[in-house]
Every structure is written in structure tokens, then in C-alpha cells.
Amino acid sequence: MKAKAVIIVVILVIFLAASLISCNGNTNQPNEEKAPQSSEAIDAPQKEAEAEAEKKDEEAKEQEAAIDLQKIKPNENGRIMLLMYHGISDKESEWVRTPENFRRDLQTLYEKGYRIISLKDYIDNDIKVEAGFTPVVLTFDDGLLNQFNYIEVNGERRLDPDCAVGILEEYFKKYPDFGRGGSFYVFYPLPFRQKELIKEKYEFLIQNGYEVGNHAYTHENLGKISANEVQKALALNVVNTRKYIENFEVFSLALPYGASPKGEDYKYVVSGEYEGTQYNHKAVLLVGSNPAPSPNSIKFDASKLPRIRASEMNTAGTGIYDWLTHFEKNPHERYISDGNPDTITIPEEETEKVNLEAIKDKKLVKYLRQ
Ligand SMILES: [Zn+2]
């Protein structure tokens, strides 16, 4: 008992001493504590005023947006054209566009409020287009020389101004607000037909916002071969592209002839494996004849994306100009951006057609379209 009492007294003495030291060592503490309180008291009305101003600001912004909604009429559940090109050459035909006509297509798209996005941004639902404009995706099949051609001028290598890439570059420079992009679907052994320049061309495309995609190893008809051969054809395309660009991710496929294996075997156009090389296409492009659904739509299926033929011959009413006219007559069907990549804005009547999973963490905004 005695010992315990002594211990308690010792502890008390130490405690007292410690608290005295601490008081002495921090003589300013009470003042410091008071200081923030008093300054808070002084700041309070100012902060309240600030909060009020902020609230008014937000209200004003919302009001502004509300006015814009009726003017711009965004519909981010509307349809998007994925345009399909083949050759760009002097003589127009079903599968060839002249440089003049290709330029006219671009000019028309630009003037009618279309803006170019990459296929990747489309399937990733990462569409960044100014408010009131409509995204459009450009695709080019077969890796032809007239899509990407280098020529010699006075001993210097130049991009052919009349090949697809030459024309696109000229346009993107002239109209920086047009956006940028284009997917090139190549096969082997000679994509773009200039053997010594394949690597350089791939690097140019990738560095300048274009994409290089799968068009099977030697343009096989995937509807007429076995499941094993389908996987071989698609994996060998990837193997060969990676000979030029190490570890390159070939993320999309354009079906040669628009043909695919039937039934269950369709899955092999999406993913598969051959001799240790795996492929996994996040997008598979059909030949098709319709605009594709918005990535927000319940109808969106990245494994079956329809494309529109960007030509005017034998299009049976489903070519680029047929659809441009259609969207002019039916503007409510067209994807129209709200200009904010973090929100998905739709007219009320589209509500049931939106896939809430697809919009992920974006905010869904609805309005009454008048
Ligand atoms: Zn082809």
C-alpha cells in the first residue's frame, strides 16, 4: 500500500511538472487558439457572401445551359456515321473515290456540322466534340497505295497530296477544329504497297492520331474458312503488324468482304489465338449500310458495327449523301454533342433507349426537347 501511494505521488508530481513546462513553453498558445476564432468570426460574412455569389454563378450557368439545350438540342443517344472508304484514285467507281470527291465529302461533312473522332474514342464512349456538333468516324480498307503514298519530288520524298492521308492532312491543317482521325485496315504481305516504307507509314499514322487495324492476313473471306483458319488469319495479321511496331495493340477488325463465320463461330472474329498469338478486337466493323448506334444506346454492340459506304455509285439509297440528306430531314435521329465529355445529355423521350451501364460515371442529363 505504501509503495503504491509513493508511486502515485511521484506520477502526480511528474504530471504537474510536465504540464507547467508545457504551459511555459507555449505561452502564445491561448492567443493562437483565439486568433483563428476571431478571424473566422470576421471572415464569416465574407464567406457567406462568397457562397452566395458562387450559388448565383452556378444558377446562372445552369440557366445558360438550359437556354442552350433548346437552341442546340443535344442528343447523345443519336446515331453516328462510320464511313467506309477504299481506293482514292482518278476514276470514280463503286469502290473508288476521286481525290476531288473525297475533298468534297470532307468539305460537306465540315460544313454540315460533323467533326471527326477516332474509332477508339467512339467505342470507349469518350467523345469530345463541341456542343451542337456530330461525331463521324472515317475508315479505309485494304491498305492501298493511293491511301498512303510517298512520292519523289526533286529528289525529296513527299506525301502524295492526292492520296487519302495527303488529303486528310491538308484538311486537318486547314480546319483544326474538324477533329482528326481515320482507321486503316491493312492486310499482308504489302500494306500500302511500298515495301521499304511500311514501318515509317505505320509510325506516321500512329503518331498523328490515325489507327492501324486488322483486315485479316491476306484478305481471307472469313465466312468460307474453318474456325481454326479464321484464328490463323486474324492472328497472323497481328504478328505481321508487330514486326513493324513492337507490341502494337490491334484493337479493331474490319471484316474482309463483310463476311464472318456463322453462328457460334462468330466469336472468333472478336477474340482467338493461333500459335501463341492472341488477338482481342474491341470493335468489329461490318460492311453494313446504316449509321451506327451511339455508344450510350442499348443497341450499341461493338462486335457488330455497321458502316456506311462513302461513295455515290450503286449505293441503293444507303451511301454517304443519302444519309446526310436523311439526317437533315430527321435531325432528331442524329447524335448531337452537349460539348461536355462528363455529361450525357438526351431528350426525355430517349430515356428508355439509354444503356445506363455504358454511361459509367458520367452524369445523365435529360431535357424536354421542344
Ligand atoms: Zn477489303
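A residue counts as buried if 20 or more other C-beta atoms lie within 10 Å of its own. By that rule, 35% of the 370 residues of this chain are buried. The model is a predicted one. Its chain has a mean pLDDT of 89, and 86% of the residues reach 70 or more.

**Overall build**

The chain contains nine helices and 16 strands. Among contacts with a separation of 6 or more, 65% join residues 24 or more positions apart.

In soluble globular proteins, nonpolar side chains tend to be buried together. Here the largest nonpolar core has 67 residues, and Leu-82, Leu-83, Val-137 and Ala-164 have the most contacts inside it. Helix α7 (residues 227–244) supplies the largest share of this core, six residues. Apart from neighbours within four places in sequence, Leu-82 touches Val-137, Thr-139, Leu-285, Ala-292, Leu-305, Arg-307 and Ile-308.

Helix α3 (residues 99–111) packs against α5 (residues 164–174) at an angle of about 35 degrees, and their axes are 11 Å apart. The crossing of α3 past α5 is right-handed. On the α3 side, the residues that meet α5 are Pro-99, Phe-102, Arg-103 and Leu-106; on the α5 side they are Ala-164, Ile-167 and Tyr-171. Sorted by class, this contact has six nonpolar residues, no polar ones and one charged residue.

**Ile-225, a loop residue**

Ile-225 sits in the loop between β9 (211–214) and α7. Is Ile-225 buried or partly exposed? Ile-225 is partly exposed, because 16 other C-beta atoms lie within 10 Å of its own, whereas a buried residue needs 20 or more. Setting aside neighbours within four places in sequence, Ile-225 is in contact with Glu-220 and Val-230. Pro-261 is 36 residues away from Ile-225 along the chain, yet the C-alpha atoms of the two are separated by 7.7 Å.

Note on methods: Residues numbered from 1 in each chain as written. Predicted model: local features only at pLDDT ≥ 70, side-chain atom pairs only at ≥ 80, totals over all residues. Axes fitted to C-alpha atoms, helices over the stretch in contact; angles between N-to-C directions. Helix = DSSP H or I, 4+ residues; strand = E, 2+ residues; numbered from the N terminus. Left-handed = near helix turned anticlockwise from the far one by under 90°. Contact = placed C-beta atoms within 7 Å. Nonpolar A, V, L, I, M, F, W, Y, C, P; charged D, E, K, R; others polar. Buried ≥ 20, exposed ≤ 12 C-beta atoms within 10 Å, placed from the backbone. pLDDT = per-residue confidence, 0-100. Core = buried A, V, L, I, M, F, W, Y, C linked by C-beta atoms within 7 Å.
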